[in-house]
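This report describes the strands, the nonpolar core and the charged contacts of one protein structure. The sequence and the structure are shown first.

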Amino acid sequence: EAVLFDALDSDQSYWCPLPARNDTQIPRFGIEAAVHLLFSSDFAGKSSLEVGVEGGEWWVQRRHLSEDIDMHFDKDEALLSSTSTYTFPPISTVTYLQGKGAPTLILNQTLQ
């Protein structure tokens with residue numbers, strides 16, 4: 001998987017579909033296994049069809065500790081680019097694979 005991470009484009013996001021009721025969708029690598037595990041943890045015993053969650057978007061960022069990062073919030077980037085409409089995911093998670101990273105702030109607010 002280390003080779004995979006080196007080959008990933010850090011400016012691109014990726015999609016991991018979740019299995020429907022009796023389908024088997026085998027994760028291709030650890031990040032996709034984490035998407036499946038998070039879904040199972042949050043919606044134990046339910047299928048993606050029952051919950052209305054089709055999959056998970058994921059991406060990898062490699063940053064130097066001295067590099068500044070602007071405030072970020074999860075949204076449908078493609079829809080925003082094409083229609084200037086903000087749409088937010090019903091579920092979101094932040095995972096750091098190393099012991100350092102920017103602080104995470106979670107707000108119960110909407111953009112107006």
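A residue is called buried under 20% relative accessible area, exposed over 50% and partly exposed in between (1.4 Å probe, protein chains only). The model is predicted: local features need pLDDT of at least 70, side-chain atom pairs count only at pLDDT 80 or more, and totals for chains, interfaces and linings use all residues. Residues are numbered from 1 along each chain as its sequence is written, and side-chain values use heavy atoms, with hydrogens and water left out.

The structure holds 1 salt bridge, a term for a side-chain nitrogen of Lys or Arg within 4 Å of a carboxyl oxygen of Asp or Glu. Glu-32 and Arg-28 form this contact through their side chains, at 2.5 Å, N to O.

| Residue | Relative accessible area | Class |
|---|---|---|
| Glu-32 | 4% | buried |
| Arg-28 | 57% | exposed |
| Met-71 | 67% | exposed |

Helices (H or I, at least four residues) and strands (E, at least two) are DSSP runs, numbered from the N terminus. Met-71 lies in the loop between strand 2 and helix 4 (77-83).

Strand 1 (residues 14-17) covers Tyr-14 and Cys-16 on one face, while Trp-15 and Pro-17 are on the uncovered one. Strand 1 pairs with strand 2 (residues 55-58) in the antiparallel sense over 4 bridges; pairing requires at least two DSSP bridges. Within strand 2, Trp-58 is the bridge partner of Tyr-14.

Tyr-14, Cys-16 and Trp-58 are among the 10 residues of the largest nonpolar core, a set of buried Ala, Val, Leu, Ile, Met, Phe, Trp, Tyr and Cys residues joined through side-chain atoms within 4.5 Å.
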